[in-house]
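Reader: I am new to this structure. Please take me through one part closely, the place where two chains touch.

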Amino acid sequence: MEKSIYTIFKTFFKVGTLLLGGGYVILPLLTSELVEKKKWITSDELCEYYAIGASLPGIIAANTAIFTGRKLLGTAGAIAAIVGMILPAFLAIVLLASILAELIAKPSVQHIFWGVGIGVIVLLFLAVKEMWSKSVVDKFSLAIYIGSLILALYGKVSLSLIIIGAVIAGIINQKLEVK
Amino acid sequence: MLYLQLFVQFFHVGVFSFGGGYATLPFLYDIAEKYHWYSSKQLTDMLAISSITPGPVGVNMATFAGFTTSGILGSMIATTAIILPSFIIVTIVSKLLDKFKANQSVKGAIRGLKAAGCALLSAVGIRLIFTSNLHLLGTLLLLALLISGLIKKRDPLFYLGISALFGLVVGHFNWIGA
């Protein structure tokens, strides 16, 4: 499909609509739409945008969408992507604002929360598998992966420190390899 | 004045929340205490609601706070404010990256970043497994969908749709904790 402001907006609107479970699933959704269906970018590029987006301040889903939109069609692409992604969220909350409290009290809604939570975990792990194949490719990246995972699960350090550590280790490793 | 306050507060969240997921929460609770645009209870409700409405919880909360305090215009201002820092920061970083892409240090940094990014995503998944009260049936569905996904990956809508329906049916018969 042709890359235009409209098609980018439409694609991200679809991604935004399916962005359930609080934004975690941005990577599997973008993989499905941009890499597999539209073939606008490669899985490797998307992993890079996600990794960078996740290490910058702000909401990760938004960072990733803006980054990807920029790569697709410059500033106009970035605006089309972020507006498309945010619009479904915006409309949903504006429409639901007045009945939010009643909605949450309904047992059936609680049951759907519970169910969707499982779908979100499945999508996350399928995304991990995809990202693993693009990012954990040698001894160095495996060491970074294991170290970061242990720190993220059991360490009492902030996530930004883990990211900064991985960046520094990556730079040092590259210097050593080039020599 | 309220419009300006909404803008400043949610812009602040956009600049300082680091690490994604629920990183915005401490700031959102802080806003609840200081400005009373929403209560902590409403924020907790929103956390749950945002799992079945589109979008990250920070964006949902900004829209909600803006809407309840000052209608559509307020909700547009607050939502824009929480996203704007991302837009500025990503634009700058993306330009710098294009410029220094061939640089060895940048290449090394990205290699480290990608591996760490994959690890952080794994950590979120593992945490969710232990905090979601999956019980027996939920665990079985999780395994079934994971195995089917590893064999043949389907559209994300498939997994979300099946699991929502599963929750509705299993919950209806009170089988969740069974």
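**Where chain B meets chain A**

Author: Between chain B and chain A, 20 residue pairs are in polar contact, with both residues at pLDDT 80 or more. Helices H1 (2-16), H3 (40-49), H4 (57-100), H5 (104-131), H6 (135-151) and H7 (156-172) of chain B each give two or more residues to the side that touches chain A. H5(B) gives the largest share of that side, 25 residues. By type, the residues on this side of chain B divide into 51 nonpolar, 34 polar and 10 charged. Keep in mind that the model is predicted.

Now the extent of the contact. Chain B brings 95 residues to it, and chain A brings 99 residues. The size of an interface is often given as the accessible area lost when the parts come together. Here the area buried between chain B and chain A is about 8700 Å². Carbon and sulfur atoms give 77% of that area. Which residues of chain B lose the most area to chain A? They are B:Arg111, B:Lys114 and B:Leu121. Together they make up 9% of what the chain B side buries.

Next, the charged pairs. There are 8 salt bridges between chain B and chain A. One salt bridge joins the side chains of B:Lys114 and A:Asp44, at 2.9 Å from N to O. B:Lys114 is also among the residues of chain B that lose the most area to chain A.

Helix H6 of chain B holds B:Leu136. Is B:Leu136 buried or exposed? B:Leu136 is exposed, because its relative accessible area is 55% and the cut-off for exposed is over 50%. B:Leu136 and B:Gly177 are 41 residues apart along the chain. Their C-alpha atoms are separated by 7.6 Å.

One more helix of chain B deserves a look. Helix H2 of chain B spans residues 25-35, and B:Leu25, B:Leu28, B:Ile31 and B:Ala32 are buried in it. Seen down the axis of H2(B), these buried residues fall within an arc of 120°, so they line one face of the helix. An α-helix has 3.6 residues a turn, so residues three or four places apart point the same way. The buried residues of H2(B) pack against H1, H3 and H4 of chain B. What does the face of H2(B) turned away from the buried side carry? That face carries the exposed residues B:Pro26, B:Glu33 and B:Lys34. After H2(B) comes B:His36, with a positive phi near 55°.

Methods. Residues are numbered from 1 along each chain as its sequence is written. Chains are lettered from A and ligands numbered from 1 in the order in which they are written. This is a predicted model: local features need pLDDT of at least 70, side-chain atom pairs count only at pLDDT 80 or more; totals for chains, interfaces and linings use all residues. Side-chain values use heavy atoms; hydrogens and water are left out. Contact means heavy atoms within 4.5 Å. Buried area is the accessible area (1.4 Å probe) that two parts lose on being put together, summed over both. A salt bridge is a side-chain nitrogen of Lys or Arg within 4 Å of a carboxyl oxygen of Asp or Glu. A polar contact is a pair of N or O atoms within 3.5 Å; within protein, one must be able to donate a hydrogen and the other to accept it, and residues adjacent in sequence count only if both atoms are side-chain atoms. Helices (H or I, at least four residues) and strands (E, at least two) are DSSP runs, numbered from the N terminus. Ala, Val, Leu, Ile, Met, Phe, Trp, Tyr, Cys and Pro count as nonpolar, Asp, Glu, Lys and Arg as charged, and the others, Gly among them, as polar. Buried means under 20% relative accessible area, exposed over 50%, partly exposed in between (1.4 Å probe, protein chains only). The arc is that of the directions from the helix axis to the C-beta atoms.
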